[in-house]
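This briefing is meant for someone meeting the structure for the first time. Please look over the sequence and the model, then read the points below, which are grouped by topic.

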Amino acid sequence: MAEKMAMAKAINESLRRALEEDPKVLVMGEDVGKLGGVFRVTDGLQKDFGESRVIDTPLAESGIVGTAIGLALRGYRPVVEIQFDGFVFPAYDQIVTQLAKMHARSLGKVKMPVVVRIPYGGGIGAVEHHSESPEALFAHVAGLKVVSPSNASDAYWMMQQAIQSDDPVIYFEPKRRYWDKAEVDAEAIPAPLHKAQVVRAGTDLTLAAYGPMVKLCQEAADAAAEEGKSLEVLDLRSVSPLDFDAIQASVEKTRHLVVVHEAPVFFGSGGEIAARITERCFYHLEAPVLRVGGYHAPYPPARLEEEYLPDLDRVLDAVDRSLAF
Amino acid sequence: MTVDSSAARKPRRSAAGKAGTTGSKTGTTGSKTGTAGNASGATGTKRTTRAAAKTSAEPQLVQLLTPEGKRVKNAEYDAYVAGVTPEDLRGLYRDMVLTRRFDAEATALQRQGELGLWASLLGQEAAQIGSGRALRDDDYVFPTYREHGVAWCRGVDPTNLLGMFRGVNNGGWDPNSNNFHLYTIVIGSQALHATGYAMGITKDGADSAVIAYFGDGASSQGDVAESFTFSAVYNAPVVFFCQNNQWAISEPTEKQSRVPLYQRAQGFGFPGVRVDGNDVLACLAVTKWALERARSGEGPTLVEAYTYRMGAHTTSDDPSRYRGDDERAAWEAKDPILRLRRYLETSNHADDGFFAELEAESETLGRRVREAVRAMPDPDHFAIFENVYADGHALVDEERAQFAAYQASFADAAEGGR
């Protein structure tokens with residue numbers, strides 16, 4: 001039953017299935033219709049489900065999310081696309097002030113089953129505002145859930161689960177992995193949306209990552225293995241909530257933790273993980289939790305992004321520093 | 001009264017207008033107009049616009065009842081109130097009086113420390129009751145935080161509105177029980193929710209309509225402009241009901257717009273109309289017209305209800321710092337309740353018994369509200385963690401447990417102390 005497909009196609013198939021199974025599901029955003037989205041993630045959906053369900057919107061992000069909130073109040077389940085990470089901020093007010101709080105403000109009477117899809121992250125040589133990783137800015141907000149798949153299969157299933165969720169889910173799509181292929185089994189029983197997964201078992205050190213950095217961590221583990229180091233790679237999958245139990249279990253075994261993300265390290269999810277794992281695993285840790293990520297600088301022009309983004313050597317450098325304690 | 005290309009394009013306060021308000025206003029705003037003039041002096045285009053505007057007339061208000069309580073004919077809108085009976089008129093009067101009484105009680109409760117804040121609707125009763133009574137049950141309302149009169153029309157228990165102002169919740173009613181959404185404090189956001197909801201009505205093939213309330217200040221918000229765009233593009237059945245109460249806290253409307261607000265609709269491709277916001281009958285008629293347009297697939301309408309915020313912005317505000325008493329006095333002469341009372345009396349639609357009975361009913365309402373607020377319990381401490389998520393969240397569970405343990409540690413200490 002499993003079929004090998006690219007992540008972008010897997011998300012497309014997942015959206016297609018949701019549109020087929022639930023007439024209340026809508027897809028909306030800029031260029032999602034005829035064009036199929038700038039990454040073709042919504043390719044063919046408008047043709048098959050019509051303009052009323054796959055909606056090309058005016059070019060106004062706050063309007064996209066604000067009207068999605070209204071549609072959710074009417075009983076719809078909108079999946080909205082923000083075209084690029086750096087374009088989400090006009091909608092930030094609606095997401096933070098309205099979408100995240102509506103359920104609590106109504107004392108639980110109103111539900112907000114809205115998925116906000118955001119292609120994010122760098123590594124594709126894009127121009128300014130097309131390579132950012134703003135997940136921490138959403139994880140900081142109570143009422144939102146934040147996830148990011150690392151592979152096609154997770155992308156398919158996590159989208160199904162995000163659409164079924166009665167809470168707003170910010171779904172970060174690692175755009176540099178859109179074309180990576182993996183087996184997708186549309187009849188499998190998926191793991192829970194907010195549970196981390198050990199994608200490589202190891203004993204000496206835990207690498208924790210999500211989205212685009214999982215593949216990098218797997219490559220780093222391969223390289224470390226050649227040097228006789230056994231690294232465990234944890235795909236966190238969900239940034240809010242974070243699966244601290246899974247991280248704790250891994251760290252109690254390996255006693256070393258390195259967190260890797262593209263987002264700036266300062267006030268990033270790695271900082272939160274470091275703080276909580278230090279609380280939970282103080283007597284197990286043999287080294288401070290280290291972080292590898294972006295710098296406290298605007299995302300650089302494309303010809304500098306290789307220096308800015310975590311790469312194999314930077315991850316291995318952190319591994320060495322951790323193991324040297 | 002719909003927008004046409006020859007409509008006036010100049011600041012509404014720079015000439016005497018039908019509103020009859022401009023005597024004091026022009027005085028107040030003389031220097032402000034001067035400031036605007038300096039700013040616009042930077043470009044030739046703007047000067048041209050201003051010069052051209054002098055030859056046009058001040059936009060007219062739709063008015064069916066004069067401030068003196070005289071019913072005036074209006075060929076365009078009379079039909080929309082043709083079915084209004086004397087009993088209906090007494091009903092509108094009762095709605096306005098009770099809303100004002102409730103509002104006054106809430107202000108008093110704030111002064112007594114029972115509420116943390118109150119946003120009074122004093123002066124805007126006609127705009128709210130007129131538009132609110134134009135709605136059908138299946139229509140949906142998206143209010144700001146001042147729509148106490150509309151809430152009344154929707155059958156929302158007035159004491160429900162007070163929870164957030166007392167600080168026991170952040171909303172607290174079920175929007176779907178009365179099709180009255182939660183109060184929205186961040187200005188203008190709800191216009192987009194209303195538009196989205198209206199888009200959903202269209203998808204459902206229903207003939208309900210949506211009304212979005214906002215004010216002159218909100219008209220500057222990007223979300224309001226985006227809601228105009230979306231509703232126009234999708235032909236959404238939504239009525240944008242802008243209560244222009246002349247003041248956004250301390251800023252007069254000319255700090256928000258160079259054109260009369262209803263004219264904004266023109267650029268978005270749908271009609272805008274200015275109605276006398278202190279005339280309940282005119283507000284009823286114009287809103288009914290706009291709702292019928294929505295129901296019959298003609299799309300959005302902007303209604304600018306030209307009214308006045310008689311009180312402070314909220315109980316925390318001090319209007320004496322930015323506006324004069326003469327302005328308020330001029331508007332008092334156009335009081336929405338007074339003019340309908342005059343009409344009811346001169347047309348013998350209500351007798352002394354009606355007014356006396358209503359007086360008693362008002363006092364009963366005031367007492368009920370007072371007692372309900374005083375009896376409103378503080379929420380349970382653990383309410384902090386309730387309804388953060390519909391499907392739960394591991395961190396919330398963890399923090400709730402930590403909080404419980406922390407709270408329990410005090411209980412243990414107290415017991416130990418005894």
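Pro212(A) is buried, because 26 other C-beta atoms lie within 10 Å; a residue counts as buried if 20 or more other C-beta atoms lie within 10 Å of its own, as exposed if 12 or fewer do, and as partly exposed in between, with C-beta atoms placed from the backbone. The model is predicted, so local features need pLDDT of at least 70 and side-chain atom pairs count only at pLDDT 80 or more, while totals for chains, interfaces and linings use all residues. Residues are numbered from 1 along each chain as its sequence is written, and chains are lettered from A and ligands numbered from 1 in the order in which they are written.

**Around Pro212(A)**

- Pro212(A) sits in the loop between strand E10 (205-209) and helix H8 (213-226) of chain A, where helices (H or I, at least four residues) and strands (E, at least two) are DSSP runs numbered from the N terminus.
- Leaving aside residues up to four places away in sequence, Pro212(A) touches Gly121(A), Gly123(A), Pro174(A), Arg176(A), Arg177(A) and Glu262(A); two residues are in contact if their C-beta atoms, placed from the backbone, lie within 7 Å.
- Although Pro212(A) and Gly123(A) are 89 residues apart in sequence, their C-alpha atoms are 9.4 Å apart in space.

**The two domains of chain A**

- Chain A is assigned domain 1 (3-184) and domain 2 (197-324), with bounds that come from an automatic or database domain assignment.
- The centres of domain 1 and domain 2 of chain A, taken over C-alpha atoms, are 26 Å apart, and their contact takes 24 residues from domain 1 and 21 residues from domain 2.
- On the side of domain 1 of chain A that touches domain 2, the elements giving two or more residues are helix H6 (135-139), strand E6 (145-147), helix H7 (152-164) and strand E7 (169-174) of chain A.
- That side of domain 1 of chain A has ten nonpolar, eight polar and six charged residues, where Ala, Val, Leu, Ile, Met, Phe, Trp, Tyr, Cys and Pro count as nonpolar, Asp, Glu, Lys and Arg as charged, and the others, Gly among them, as polar.

**The five-stranded sheet of chain A**

- Five strands of chain A form an open sheet in the order E9-E11-E10-E13-E14, with mixed pairing; two strands pair if DSSP finds at least two bridges between them.
- Strand E9 (197-200) and strand E14 (290-294) of chain A are the edge strands, each pairing on one side only, and the twist averages 25° from one strand to the next.
- E10(A) runs parallel to strand E11 (residues 231-235) of chain A, to which five bridges join it, and Thr206(A) stands opposite Glu232(A) in E11(A).
- E13(A) and E14(A) also run parallel and are joined by four bridges, with Val259(A) opposite Arg291(A) in E14(A).
- Five of the five residues of E14(A) are buried, so this strand is largely enclosed by the rest of the structure.
- H8(A) lies across E9, E10, E11 and strand E13 (257-264) of chain A and runs at about 170° to E11(A); axes are lines fitted to C-alpha atoms, for helices over the stretch in contact, and angles run from 0 to 180 degrees between N-to-C directions.

**The seven-stranded sheet of chain A**

- A further open sheet of chain A has seven strands in the order E3-E2-E4-E5-E7-E6-E12, and its pairing is mixed.
- The edge strands of this sheet are strand E3 (54-56) and strand E12 (238-240) of chain A, each of which pairs on one side only.
- Strand E4 (residues 77-81) and strand E5 (residues 115-120) of chain A pair in the parallel sense over three bridges, and Val79(A) stands opposite Val115(A) in E5(A).

**Chain A against chain B**

- In the contact between the chains, 34 residues of chain A meet 35 residues of chain B, and on the chain A side the largest share, nine residues, comes from H3(A).
- Helix H3 (residues 61-73) of chain A packs with helix H9 (residues 222-233) of chain B at an angle of about 75°, their axes being 9 Å apart.
- H3(A) and H9(B) are therefore roughly perpendicular to each other, a description given to angles of 65 to 115 degrees, whereas angles under 35 count as roughly parallel, over 145 as roughly antiparallel and the rest as oblique.
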